[in-house]
Amino acid sequence: MKHYKPGSSIAALLAVVVVAAGACGGSDSSGGAPVTEGGPVALRRLTSQQYAQSVHDVLGERIVVPSRIEPDARIEGLLGVGASFVSVTPSGFEKYEAAAIAIAQQALSAELRGANVSCEPASPSGSDDGCATEFIATTGRRLFRRALTEDEIAMRVAIAASSATELGDFYAGLELALASLLVSPNFLFRVEEIEADPADGSRNRLTSTSVATRLSYLVWNSTPDDELLDAAESGDLLNTDTLAAQAARLLDSPKAEAGIRAFFSDLLTFRRIDEGLVRKSPTQFPAFTLTLAGDAKEQTLRTIVDHLVTQELDLRELYTTRSTFLTPSLGSVYAVPFGGGAWGPYEFAEDGPRAGLLSHVSLMSITAHPGRSSATLRGKFVREVLLCQDIPDPPANVDFSIVADTSGELRTARERLGEHVTNDACAGCHTLMDPIGLAFENFDAIGAYRTQENGADIDASGNLDGQSYNDAIGMGQALRDHESLGPCMTRNLYRYAVGRNPVPGEQVLLTFLDERFADSGYRWGSLIDALVLSDGFLTASGQREAEEAVQ
Amino acid sequence: MSKRINRRTILRGAVAGGAVGMGLPLLDCFLNENGTALAQGGAIPVRFGTWFWGCGMNPARWAPPTEGLGYELSVELQALDRTLSSGGKVRDHVSVFSGFDVKLDGNPNFPHGSGPASNLTGLFAPADGVFGAASIDVLIAREIGGATRFRSLQMSATGNRNHTYSRESATIRNASEISPMEVYARIFGPDFADPAAGEFVPNPRWTLRQSVLSAVKDDRDKLMSRVGTHDKQRLDQYFTSVRQLEQMLDVLLSGPPDLPSCRRADDPGPDILEGEVFQNDLDSVNQRHRALADLLVFALACDQTRVFNMIFSSGISELTVPGLNTTHHQLTHDESIDAELGYQPQATQFVLASMEAWADFVERLASVPEGDGTMLDNCLVFANSDLSYAKPDDVRGLPTMIAGSAGGRIAPGMHIRGNTDPVTRVGLTVQQAMGLPIDAWGENSLQTSLPVSEILV
């Protein structure tokens with residue numbers, strides 16, 4: 001993971017001071033959570049998925065949302081963190097505007113306007129300020145995630161009126177008013193606002209509407225519904241009981257599946273599959289089509305949702321479970337008999353070579369080159385993404401030629417990568433990565449099983465921070481038992497929820513959250529519950545200040 | 001040509017020593033009364049572009065053996081030997097800069113990241129993939145891009161929108177267009193005012209769209225008062241982008257461009273990106289590159305933009321050829337140096353292919369007549385790569401080239417040896433040629449106040 005750490009050192013310092021004070025202050029009423037202070041808030045641009053999901057929730061599932069809007073940026077390994085740093089470029093705004101018009105035309109088409117506009121205009125061919133006001137206020141509240149001000153409404157009623165008159169069509173006028181909501185920074189960015197905590201004026205808390213938005217995008221990956229906004233606008237949401245009840249309601253909703261999928265897709269870099277960027281040599285791996293890659297992603301997400309939400313099982317066992325879902329085309333890559341139709345549940349055989357997410361085609365393909373597996377990339381993925389350990393950047397001026405010349409005496413990746421650990425410049429980092437990655441050498445660049453490379457037997461044995469294994473299954477067990485696995489997932493979900501890396505003072509909170517997670521037997525719902533009720537989710541040191549000026 | 005006022009002279013005279021990166025408005029004397037189109041139809045705009053290829057070259061085989069005008073072509077620059085239909089060779093329009101270094105001063109050499117970051121900003125890379133400031137194309141676009149429909153156009157033949165070296169700031173990237181079909185729709189779709197279409201009738205929706213944008217701008221002050229300085233910068237960027245779209249609508253309302261070479265491009269047809277298996281082989285990439293370049297040339301001929309960025313292959317080049325189970329980037333690290341040849345033969349085929357693609361691109365610009373010459377005479381295209389010798393990720397002797405005459409501001413067709421001077425000398429030259437009021441550029445060992453004066457007219 002790269003060490004790009006913008007942000008305010010003052011805020012971080014403040015957080016440390018506050019925690020030091022809070023450590024003596026005991027705990028609050030929410031289940032023994034330590035009193036801490038969240039790091040700084042910032043505007044968070046909707047990811048392309050959040051944009052589409054929000055439009056669908058507010059204006060209808062049938063709306064076709066243009067897919068190539070401004071791309072998201074991955075910072076510190078998460079699009080969810082990048083969202084706190086990106087803005088809107090000229091070409092990006094052009095695309096947002098074109099998308100807004102396309103969406104507004106669909107939402108107010110003869111077919112869909114009945115569902116989206118609750119009032120009847122006085123005349124379909126002219127302006128009607130009353131009906132326009134009702135539509136703009138209702139729809140705008142869902143899009144801006146708060147009630148619109150009178151000015152914000154009046155300005156758009158005026159657009160609707162002049163456009164309706166110009167175009168001779170009430171709904172065409174409304175289209176432009178709706179477009180003005182969809183291109184507004186109040187829609188494209190989640191505005192996280194803070195206010196002084198009335199119980200302790202020295203502390204800042206998020207406003208109730210900002211909490212509603214955080215909660216909704218964390219659990220649903222979409223905009224709050226009216227019930228959540230009602231609770232926010234009455235201020236009731238800031239009561240612990242109400243917040244807990246709303247969190248439970250959101251988690252119980254069918255929309256929660258989109259939320260958990262969004263988090264794991266972000267963490268596991270599945271966006272690369274969505275964008276067609278996980279590519280394999282077509283001559284070498286003709287089976288690896290875009291459809292197959294999409295199926296592979298879907299397999300892993302279905303496995304995660306079933307395991308964590310439907311079955312409510314221990315998160316750590318995602319790395320050992322043999323339960324999954326397949327399609328016939330995936331079955332042929334796995335070389336297992338799968339006679340089902342489109343999708344069906346499947347158990348990998350007890351005596352077979354596969355168990356856990358890291359034996360899936362999706363992750364094995366993402367962490368491989370187009371024509372070859374990569375023990376280094378796979379080890380890096382496990383260290384950085386699953387164990388939250390930093391790997392330093394490779395040094396410059398390295399002769400890589402011996403590592404990948406398969407024509408000579410060195411036939412397996414283990415033999416070739418031996419050079420990494422006998423070369424001092426390489427060993428520092430590669431001893432952290434390669435041994436883990438070699439555990440997966442039985443899976444080629446698309447995750448198909450093999451026992452030999454270039455005619456030599458593959459040795460997949462190794463040792464993960466003290467626990468030995470013989471193959472990928474043993475590696476999965478070692479990962480499941482690793483002391484950093486749970487804390488790393490807590491840290492990643494926290495970063496995703498608050499849109500930034502933790503500031504130093506938040507470590508005590510992360511430790512607490514991980515203890516709660518462990519106490520629950522690593523049940524996903526318990527982690528979400530503890531997180532959304534924590535000070536890290538509800539408070540902030542202030543607003544993020546600009547980085548030091550670059551000369 | 002003699003009628004044109006040398007704008008660089010004016011700007012440098014007017015604001016000598018002015019702050020770096022300050023965008024100056026176009027001087028009124030160049031504009032018509034709407035401030036949207038060049039006055040006296042027929043005045044030819046000067047354009048700036050970048051052209052990027054990944055994974056560098058073999059320094060000893062790439063650098064021309066002789067210096068100055070009419071330089072002798074090296075083995076890896078044979079592509080520039082092509083004869084242009086407008087006369088002369090590609091070489092006569094392309095200056096080559098060898099031996100100019102990206103200095104690191106002890107900063108990390110992020111593989112494939114440090115070279116472009118320093119070459120395009122004059123600053124050390126703060127982190128992998130992060131630039132220290134806005135990139136050179138954005139600095140120039142802020143200067144000359146404001147009067148056209150698009151401030152700038154970014155394109156990549158790689159199929160990945162994230163392949164871009166254009167930065168508004170350290171973390172804000174200008175994404176690339178990857179689909180010829182989408183580029184066509186964006187530039188030559190229904191909003192394009194075709195000069196051949198008869199009487200111009202403005203679309204009433206353009207004015208209504210402007211009213212939508214003014215409503216958005218009314219949100220500005222309230223939002224600004226509620227955020228910290230980090231977000232103020234981001235919102236400033238957002239509202240700059242809103243203004244650019246207002247500008248676009250102004251240009252649309254002012255009617256079709258009045259340039260003799262302007263006409264609507266041909267529809268490139270369905271997209272080859274949509275197939276089940278993505279093709280990175282040279283033939284497919286060349287096909288996408290040519291399709292994008294053709295659309296770009298038509299866009300330039302109609303003055304739809306004056307700034308562009310084209311990426312042929314990315315820093316971690318994924319180029320391949322049928323039958324090869326690896327990529328250009330992987331080969332640069334993996335392939336052994338052939339003992340007899342003294343270089344990596346497989347990896348080197350992609351260097352040669354990249355130079356052929358560069359020659360293709362230059363040739364296309366030279367194919368459009370403009371004024372007494374061709375469009376190429378009114379362009380400055382800054383070609384650059386991320387590395388020199390890619391095997392060890394070397395950034396010393398980072399290869400750059402400049403094609404075109406920038407409307408008479410550049411003397412083309414020279415080979416200049418840098419002798420380990422900082423690569424920022426070339427970037428400074430480019431900015432001065434494009435009229436930026438800048439006397440010095442870069443930080444620490446990358447700092448220079450010495451343009452490559454041999455090529456400045």
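1. Let's begin with the layout of chain A: its domain assignment lists domain 1 (44–190) and domain 2 (268–481), with bounds that come from an automatic or database domain assignment. Taken over C-alpha atoms, the centres of domain 1 of chain A and domain 2 of chain A are 42 Å apart.

2. Please keep in mind that this is a predicted model, where local features need pLDDT of at least 70, side-chain atom pairs count only at pLDDT 80 or more, and totals for chains, interfaces and linings use all residues. Residues are numbered from 1 along each chain as its sequence is written, and chains are lettered from A and ligands numbered from 1 in the order in which they are written.

3. Chain B has a mean pLDDT of 88, with 90% of its residues at 70 or more; pLDDT is the predictor's confidence in each residue, from 0 to 100. Residues 1–41 of chain B have pLDDT below 50.

4. Now the meeting of the chains: 66 residues of chain A are in contact with 64 residues of chain B (contact: C-beta atoms, placed from the backbone, within 7 Å). On the side of chain A that touches chain B, 29 residues are nonpolar, 23 polar and 14 charged (nonpolar: Ala, Val, Leu, Ile, Met, Phe, Trp, Tyr, Cys and Pro; charged: Asp, Glu, Lys and Arg; polar: the others, Gly among them).

5. Finally, look at A:Ser541. A:Ser541 is 347 residues from A:Ile194 in sequence, yet their C-alpha atoms are 9.1 Å apart in space.

Note on methods. Contact = placed C-beta atoms within 7 Å.
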